Amino acid sequence: MNNKHKEIGDNEIRIISSAGEGERARRPSHRRVRRLVVVSAIIAFIIAAGIAASLLFVSENEGADEIRLIEEATAAIEPATATDEQPAVKGYTTVRDTLAGTAELCILTPHNATPVLEIGTAALNDTTVVLAVQAADVRGDNGEIVGTYVVNGRLYGKGESKAGFCSIVNGDITVGVADATPMLEEALTADGYFFRQYPLVVGGQIVENKPKGRAIRKALAELDGRISVITSRRRLTFHEFSQALTDIGVRNAIYLVGGTSSGRYTDEPGNRYMVGNDPGDKWPNVNYIVWR
């Protein structure tokens, strides 16, 4: 071969191997590679975008569920508003009979009610009254209230002829015995109530009184930590009545107008009862301790 590298003589044959071309044929071209890379990137982007969208959807749903659950829980524990109406608690009087020696007593105890003092007989016809009984005595000669008497901080009667007293300030009632007591001044300055009557029992001990006759007796008494009205079923002296009160455990008590004095009460089912005689217009200063 004259020319090893390029030229071929007329009597020479150059055999060209197809191996090199085959290798080039098997190798992808740069254009195909780029195309595959682009397609793969697009597919990967689509897959990634789908996964992200699904995760975001789940996250948003979970967030919405959490918000809904929080709102429901908040609504469940939300306190009642000030406009919510509460049912009124009904006041009533319980009636209990008991025996102290030979003395038959009736105990009237008001519940869910606040005491006040009133002048006049309006309480006898008032359907909201739980219990009403006559309180201070009225003089027979001039019709005036006997002893100091205060209504809503206003002084209607004067005098300390009786040592027993009842004071009502801010709905709290106190029964006691004292010739002079700061409870009167408190009743005057706090728009409270105050009246005087005969003392019957103080600290669980009998208090003697001058009147010796027998009559149906009534008392405003502290019994078992509550204030009750106690009446006798038959005629008793002051001493017999006071003794009967101490026998049933009364700690403090003052007298109320006895005999056939008027009053009324309402029991738990709502039945209304009148007691005693209606004084009518005979005594313009007839007065009552009233629970509503």
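Student: Before we look at residues, what makes two strands pair, and what counts as a strand?
Tutor: Two strands pair if DSSP finds at least two bridges between them. Helices (H or I, at least four residues) and strands (E, at least two) are DSSP runs, numbered from the N terminus. This is a predicted model, in which local features need pLDDT of at least 70 and side-chain atom pairs count only at pLDDT 80 or more, while totals for chains, interfaces and linings use all residues. Residues are numbered from 1 along each chain as its sequence is written, and side-chain values use heavy atoms, with hydrogens and water left out.

Student: Which residue in strand 14 stands opposite Val201?
Tutor: Strand 10 (residues 199-202) pairs with strand 14 (residues 252-256) in the antiparallel sense, over 2 bridges. Within strand 14, the residue opposite Val201 is Ala253.

Student: Which residue in strand 11 is the bridge partner of Val202?
Tutor: Strand 10 is also joined by 2 bridges to strand 11 (residues 205-206), and these two run antiparallel. They form a hairpin with 2 residues between them, and Gly203 in the turn has a positive phi of about 60 degrees. In strand 11, the partner of Val202 is Gln205.

Student: Why does Asp137 count as buried?
Tutor: Asp137 lies in the loop between strand 4 (131-134) and strand 5 (149-151). Buried means under 20% relative accessible area, exposed over 50%, and partly exposed in between (1.4 Å probe, protein chains only). Asp137 therefore counts as buried, because its relative accessibility is 19%.

Student: With which side chain does the side chain of Asp137 make a polar contact?
Tutor: A polar contact is a pair of N or O atoms within 3.5 Å; within protein, one must be able to donate a hydrogen and the other to accept it, and residues adjacent in sequence count only if both atoms are side-chain atoms. Not counting residues up to four places away in sequence, Asp137 touches several residues, including Glu144, Gln197 and Val257, where contact means heavy atoms within 4.5 Å. The polar contact, at 2.5 Å, is with the side chain of Lys162.
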